[in-house]
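Hi everyone, thanks for coming.

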2 protein chains.
Amino acid sequence: MPLLARMLARSLVEIIAAKRDGASNSPDEIGRLISALSTGELADYQMAAWLMAVFFRGLDHAETFALTDAMLRSGRVIHLESVAGIKVDKHSTGGVGDKVSIALAPLVAACGVPVPMVSGRGLGHTGGTLDKLEAIPGFRTQLGVDDFARIVRDVGCCMIGQTAEIAPADNRIYGLRDVTATVESIPLIVASILSKKLAEGIDALVLDVKVGRGAFMKDGATARALAELLVRVGTRAGKRVVALLTDMRAPLGVAVGNAVETREALDVLAGEGPADVVECTLRLGEEMLVLGGVAGSQSEARAKLVAAIASGRGSRVAERMIDAQGGDARVVADRSRLEIGSEEIVVESPRDGYVLRADALEIGLAAVALGAGRSRADQSVDHVVGILVEKKPGARVTRGEPLARLVLRRRSGAEAIVERVRGAFAVGDEAPPPGPLVLDRMVAANSTSTP
Amino acid sequence: MPLLARMLARSLVEIIAAKRDGASNSPDEIGRLISALSTGELADYQMAAWLMAVFFRGLDHAETFALTDAMLRSGRVIHLESVAGIKVDKHSTGGVGDKVSIALAPLVAACGVPVPMVSGRGLGHTGGTLDKLEAIPGFRTQLGVDDFARIVRDVGCCMIGQTAEIAPADNRIYGLRDVTATVESIPLIVASILSKKLAEGIDALVLDVKVGRGAFMKDGATARALAELLVRVGTRAGKRVVALLTDMRAPLGVAVGNAVETREALDVLAGEGPADVVECTLRLGEEMLVLGGVAGSQSEARAKLVAAIASGRGSRVAERMIDAQGGDARVVADRSRLEIGSEEIVVESPRDGYVLRADALEIGLAAVALGAGRSRADQSVDHVVGILVEKKPGARVTRGEPLARLVLRRRSGAEAIVERVRGAFAVGDEAPPPGPLVLDRMVAANSTSTP
């Protein structure tokens, strides 16, 4: 080993030791860690040790920004100067039944704000937008950066998966975190999310931080800390950022699965769809339109979004996007073209009363067990299966009435899953107090306002 | 990936997460981590994350024992049933000028206690017995297990380096710790030391835990904690274990280097040698003879050791061992056969007074800079160079009198090292209070007695 490399290698261990001992790593040191990971000077096991030290010691704002920036620069940063207007994306931290992006992106684009969206796949109990989109026959989510930019310019929105070109260091580090028990670290989550999002060529970002049993963040304080850091670091990176904290105790909407969720999102574009999905879509859309500069207030933004639904302009953009990405755009007008399991098992209410609980985590895990999701990244999903949550918390229900329906290819062998779905519900005498969908809203300069 | 392997892989991550969250890992879980590391099911980066979690959360006694046992079982355990008597080894945690093993092993063997000794190399400011032994022309430290057992049986002692067969998991984990800033963890140090020592086929073990500037453990409390855990875990493994805490603020003896230290150890066998080296050798030897069952008390043991020196029996065993290991045994009777640098630079006292300090760490690092040691495991050492500490703390000194001598191949280019050695000394008006060589003694059942 040449002398210079030897000196460098020693310094890398010292960087790990400094973090271990509670000191800050300088931006330069963090940049060196990430570039050394890319070149192979820093081994995966050294990065794993650093990640575990970060789990215990945390990262301050400057370190989190430096990590985000270094991971962002590990790959290609997409430039969308050829697309006019303020480019705005939305990112959700993941939940059960969260199909909002599929309606939101075309709707916001229809209102004049370009939406370049790089989405993820489902993992564990949470679903992923890419899996849902691929329920549309022919739809391709693996496009190159040039096709992505062209479709955003021509259609107004495009929804693809992360490419190997975008933030490869994040991809590598995420893979390590997944198998080294270092996923649950707020600064690491922030750097992972933002490094990918900042590489998309966006000007502004709306974050939907889910909180509750079906979310990654189970409690409000953790979710709030995550949202705050996302806004802070995103703002420091020169982007306009807003975060909403939204309820994820019960699944969002009725459908949980892939084709069933895509159908429900297209329902929203058609002016239909469950109230909570519509509301979530509109609230996030309001923020995007204001950040995108096409509306001066949230109420003005809402009016534009509602008009885009009523006129069918949102659906038309969805059709053009699906067509541009190789999919069968006829699904927008005719949702029956989506293949959905032909068998059904009904979970009935055991008594009269009010639904107290429809546990998103349990329902999400039941959907994974049906085949709609994956417990490891290398598994494939079955697009046609799913769960329809017929009764949400607060709903009046009579004995024998359906609480949920399992949608399947065949009825046999699903007994344990049916029981899991049954156990996700609680029915009692009194209606639970209604809770707001949006729990908090966070904007830059650390200011917090209730919605 | 087959289902069973997938389930297993998930459990391994859960084991890491449990340690991360402060829970104990069961002996079975720790055994699975180590065997999965050997088979490749657990990747190095996963082990690195677990090691960093252990750095923060620690291991309890049961976990430390389980780790020691699993690492021990990762390789071959030497059986020395063919060697009569209670086999006893000594292990030092490392210091500057610590050449004790080279005199001690033949001396104890000469008193009838077989000593199977697997030693290490110098790293950082601390020297290593193997490097010192290799200053003897022809001496081979890389012997196979069968040769090792034969020489212990025929000669009474043998001193070799760790082979690939002994505790390979420790070797792999130590390599990871070195580059992931997870070296300084007491339970990990204990498991590393004991897994190798327990694989040697010993019945009893005397530990020399060095404390002070020149030691790995700089303060008494940490050294005491290490000694206590070593005794506890070693005893749990069914061995008779005693630990001495010994002073390592100044180098042990006069010589620091390789050939110069071997010469000094052979001086001890010849009834010469500096008082502190002789005393350290005798104190450790007493413990070994008592554990080995050839002496009923420390005073009886001391009398035997002194007699073995006076009669030359210790030197005769050393000659037979050196011969059996391929070395030139004539060095025992004629130490001038050891090649030692012909040039010398004297560091003089700047004033009259008493030596207050001869800093072992600084002198150790100066010796590394001369080439006597290594800062990375892949470097080679120069056997002929070294430093002679002419005046130890407490010594009366006059202005211009030598404090130390650098022994070199050539005088040029050593200016910075000379200054480093000069800076290691402090001379003042009053003699510092003399401190004991042995600071504490620890035996099983958590009992502690002052020496």
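Let's start with α9(A), which has 13 residues and reaches 18 Å from its first C-alpha to its last. That is close to the 18 Å expected at 1.5 Å a residue, where the expected span is 1.5 Å times one less than the number of residues. Helices here are DSSP runs of H or I with at least four residues, numbered from the N terminus.

A word on where this comes from: this is a predicted model, local features need pLDDT of at least 70, side-chain atom pairs count only at pLDDT 80 or more, and totals for chains, interfaces and linings use all residues. Residues are numbered from 1 along each chain as its sequence is written, chains are lettered from A and ligands numbered from 1 in the order in which they are written, and side-chain values use heavy atoms, with hydrogens and water left out.

Back to our helix: is α9(A) mostly covered or mostly uncovered? Mostly covered, with 12 of its 13 residues buried, meaning under 20% relative accessible area with a 1.4 Å probe, protein chains only.

Leaving aside neighbours within four places in sequence, A:K197 is in contact (heavy atoms within 4.5 Å) with residues including A:D89, A:H91 and A:L205.

Now, the interface. Here 29 residues of chain B are in contact with 29 residues of chain A. Together the two chains bury about 2,400 Å², 68% of it on carbon and sulfur atoms; that is accessible area (1.4 Å probe) lost on being put together, summed over both.

How many salt bridges link chain B and chain A? There are 2, counting a side-chain nitrogen of Lys or Arg within 4 Å of a carboxyl oxygen of Asp or Glu. One of them pairs A:R20 with B:E184, the closest N and O atoms being 3.0 Å apart. On the side of chain B that touches chain A, α3(B) gives the most, with 10 residues.

Note on methods:
Helix = DSSP H or I, 4+ residues; strand = E, 2+ residues; numbered from the N terminus. Buried < 20%, exposed > 50% of the residue type's maximum accessible area, 1.4 Å probe, protein only.
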